[in-house]
Amino acid sequence: MKIENKHLTVSNFTIKPEKTEERVKGFEEHLKIALSELEKEEFIQKTQEEKTTLALNKLEETLAVLEHFINSPVSLSKAETVGDFLLSQALEIDKIVSSLPESFTKNFIKDWAFLLGVEAQKIKQGFYS
């Protein structure tokens with residue numbers, strides 16, 4: 001039996017990596033963008049009073065967490081978690097207040113948000129552990 005070359009084809013057996021990571025990253029990016037746009041739209045509709053009240057409430061909640069943290073012994077991993085939470089809250093408060101017009105209240109809340117950010121970094125680095 002003779003096998004002719006014209007019936008054989010050259011096959012490429014290299015396996016190409018799937019592009020699932022690219023698709024997931026793309027989806028995550030699109031989801032983040034969509035959520036941020038939705039958040040912006042809801043945030044724009046709020047009045048200055050509502051924004052100030054929201055920022056003050058977040059500040060009060062965050063200070064309560066900080067006070068609870070100070071009164072209890074913690075491990076280094078818990079300190080990192082609390083520090084991350086405080087830092088995210090401080091950044092969120094700063095973001096809320098940045099849309100307000102210049103006033104004493106805005107400067108007061110921004111100063112407290114800055115203080116929270118500094119304390120969050122100290123907690124994350126283990127100053128209080």
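Because the model is predicted, local features need pLDDT of at least 70 and side-chain atom pairs count only at pLDDT 80 or more, whereas totals for chains, interfaces and linings use all residues. Residues are numbered from 1 along each chain as its sequence is written, and side-chain values use heavy atoms, with hydrogens and water left out.

Of the 129 residues, 21% count as buried (buried is under 20% relative accessible area, exposed over 50%, partly exposed in between, with a 1.4 Å probe and protein chains only).

Next, select helices H3 (76–98) and H4 (104–124). Their axes, which are lines fitted to C-alpha atoms over the stretch in contact, with angles from 0 to 180 degrees between N-to-C directions, come within 8 Å and cross at roughly 160°. That makes H3 roughly antiparallel to H4, a term for angles over 145 degrees.

Now show the side chains of Asp-94 and Lys-110, which meet in a salt bridge at 2.9 Å, N to O (a side-chain nitrogen of Lys or Arg within 4 Å of a carboxyl oxygen of Asp or Glu). Asp-94 lies in H3 and Lys-110 in H4, so the pair ties together parts that are 16 residues apart in sequence.

Select Lys-124 and Asp-84 for another salt bridge, also listed at 2.9 Å, N to O; this pair links Lys-124 in H4 with Asp-84 in H3, 40 residues apart.

Then move to Lys-58 and Glu-92, whose closest N and O atoms are 3.0 Å apart in a salt bridge, and which join helix H2 to helix H3 across 34 residues. Lys-58 counts as buried because its relative accessibility is 16%, while Glu-92, at 34%, counts as partly exposed.

For the surface, select Leu-56, Phe-104, Phe-108, Trp-112 and Leu-115, which make a nonpolar patch of about 490 Å². Helix H4 gives the most to this patch, with four residues. Phe-104 counts as exposed because its relative accessibility is 69%.

Finish at Val-74, in the loop between H2 and H3, which counts as buried at 18% relative accessibility. Val-74 and Tyr-128 are 54 residues apart in sequence but 8.6 Å apart in space, C-alpha to C-alpha.

How values were computed. Patches are made of residues with over 30% relative accessible area and no salt bridge: like charges are joined within 9 Å, nonpolar side chains (Val, Leu, Ile, Met, Phe, Trp, Tyr) within 5 Å. Accessible areas come from the Shrake-Rupley method with a 1.4 Å probe; for residues, only the protein chains shown count as cover. Helices (H or I, at least four residues) and strands (E, at least two) are DSSP runs, numbered from the N terminus. Angles under 35 degrees count as roughly parallel, over 145 as roughly antiparallel, 65 to 115 as roughly perpendicular and the rest as oblique.
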